[in-house]
Amino acid sequence: MVKIVGVRFRNAGKVYYFDPKNYRIKSGDHVIVETARGVEYGTVVGGVRNVAEETIVQPLKAVIRVATAEDDARAQRNRVKEKDALKICQEKIAKHGLEMKLIDAEYTFDNNKVLFYFTADGRIDFRELVKDLAAVFKMRIELRQIGVRDETKILGGIGICGRVLCCNSYLSEFAPVSIKMAKEQNLSLNPTKISGVCGRLMCCLKNEEDTYEYLNSRLPGIGDSVTTLDGQKGEVQSVNVLRQKVKVLIDVDDEKELQEFDVKELKFKPKRRKDKGGKGDRNDKGGKDNSVDKELKALEALDKKEGKSKLNDD
């Protein structure tokens, strides 16, 4: 077993693991550690714990020290300097006429480098910009292009649910999201209804995917033929996924009658599980894509193109 401690460098950022050595460290403490970017100031999450050695990527770097009052003050000064750096960089971008949107600035704890995060529609030639910034800050400059999901993670905001955005509050890494998840939950496929503040498919579609997938697999499809426990046959008109109820149109005395049954009271062929690509969906009508389908597929394509988050790509 190996003793480790998780450290996070950004709000809701990725957690990295270090050797706590003999320090008494608890969740919420600040520590000084060495990373690929240099010496950094981070926040402990989860405290010290033991894990199997094979689950850790070696070599495991050690915590340099628990942050002192002086370290805390230095980190606070860096936060103030980042605001000034943001203004200076914005002025330089305007001077060079570059079509890029500056999002954030970040100093490394040891002040050896300052990073600027930006978004842009395509590739940007910022070589002259870097030269100007290096002349002002007298240190290494790094410009990092990020996607719109990362932009939203940094800036934060309130979702349509009325709560702080998941990516800005607790979601450390982005999970792949697809249209199939919205279909599984029987949500409106209107892009404006299932897109987040960033304009991409909402991350929360992933949260309940497994539950809905399991519950849907226990229900018949709309239009399927079912048989009740007393031998009556009927056609499924609607289903309530969460309550596991099914409304069935059955023949009663030469008349059609709509009755609701618990799924356990019906006999039917189990629904075929859908593959991860979304094929075999009962709601897919085939034929040419309409404008809504094209817009939704465009959102998926953008997510795949942007790939993994670059905020924690150290």
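This is a predicted model: local features need pLDDT of at least 70, side-chain atom pairs count only at pLDDT 80 or more; totals for chains, interfaces and linings use all residues.

Student: Which residues lie nearest the centre of the second largest pocket?

Tutor: Phe-9, Arg-10, Asn-11, Arg-79 and Glu-82 lie nearest its centre, out of a lining of 27 residues. Strand S4 (38–51), H1, S6 and H3 each give two or more residues to that lining. H1 gives the most, with 8 residues.

Student: How do the lining residues divide into nonpolar, polar and charged?

Tutor: The lining of the second largest pocket has 9 nonpolar, 7 polar and 11 charged residues.

Student: Let us step back for the overall picture. How many helices and strands are there?

Tutor: The protein chain has 8 helices and 13 strands. Of its 314 residues, 39% count as buried. For contacts between residues at least 6 apart in sequence, 59% join residues at least 24 apart.

Student: How should I read a nonpolar core, and which residues have the most contacts inside the largest one?

Tutor: The general idea is that nonpolar side chains tend to be buried together in soluble globular proteins. Here the largest nonpolar core has 17 residues, and Phe-116, Leu-133, Phe-137 and Leu-143 have the most contacts inside it. Two or more residues each come from helix H1 (69–96), strand S6 (101–107), strand S7 (113–119), helix H2 (127–137) and strand S8 (140–145). A second, separate core has 12 residues, among them Leu-219, Val-241, Val-263 and Leu-266.

Student: What does Phe-116 touch, leaving out residues up to four places away in sequence?

Tutor: Its contacts include Ala-85, Cys-89, Leu-102, Leu-133, Phe-137, Ile-141 and Leu-143.

Student: Where can I see a sheet with several strands, and what is its order?

Tutor: Look at the open sheet of 5 strands, ordered S12-S11-S10-S9-S13 with antiparallel pairing. Strand S12 (255–262) and strand S13 (266–267) stand at the edges with a single partner strand each, so one side of each has no neighbour in the sheet. S12 is joined to strand S11 (residues 245–252) by 8 bridges, in antiparallel fashion. In that pair, Asp-251 stands opposite Lys-256 in S12.

Student: You mentioned positive phi. Which residues have it although they are not glycine?

Tutor: The background is that most residues other than glycine have a negative phi. Lys-21 has a positive phi of about 55°, and so does Lys-138. Lys-21 is in the loop between strand S2 (15–18) and strand S3 (30–35), while Lys-138 is in the loop between H2 and S8.

Student: Why does Lys-21 count as partly exposed, and why is Lys-138 exposed?

Tutor: Exposed means over 50% relative accessible area, and buried under 20%. Lys-21 has 43% relative accessibility, so it counts as partly exposed. Lys-138 is exposed because its relative accessible area is 70%.

Student: Last, which helix is largely enclosed by the rest of the structure?

Tutor: That is helix H3 (residues 148–155): 6 of its 8 residues are buried, so the helix is largely enclosed. The buried residues are Arg-149, Asp-150, Glu-151, Thr-152, Lys-153 and Ile-154. Just after H3, Gly-156 takes a positive phi of about 75°.

Student: What is in contact with Asn-168, leaving aside its neighbours within four places in sequence?

Tutor: Asn-168 is in contact with Asn-11, Ala-12, Lys-153, Ile-154 and Gly-156. Asn-168 sits in helix H4 (residues 166–169) and is buried, because its relative accessible area is 14%.

Terms used. Residues are numbered from 1 along each chain as its sequence is written. Side-chain values use heavy atoms; hydrogens and water are left out. A nonpolar core is a set of buried Ala, Val, Leu, Ile, Met, Phe, Trp, Tyr and Cys residues joined through side-chain atoms within 4.5 Å. Buried means under 20% relative accessible area, exposed over 50%, partly exposed in between (1.4 Å probe, protein chains only). Helices (H or I, at least four residues) and strands (E, at least two) are DSSP runs, numbered from the N terminus. Contact means heavy atoms within 4.5 Å. On a 1 Å grid over the protein atoms alone, a cavity is a set of points where a 1.4 Å probe fits but cannot get out, and a pocket is an open set with protein on both sides within 12 Å along at least five of seven lines; lining residues have an atom within 4 Å of a point. Ala, Val, Leu, Ile, Met, Phe, Trp, Tyr, Cys and Pro count as nonpolar, Asp, Glu, Lys and Arg as charged, and the others, Gly among them, as polar. Two strands pair if DSSP finds at least two bridges between them.
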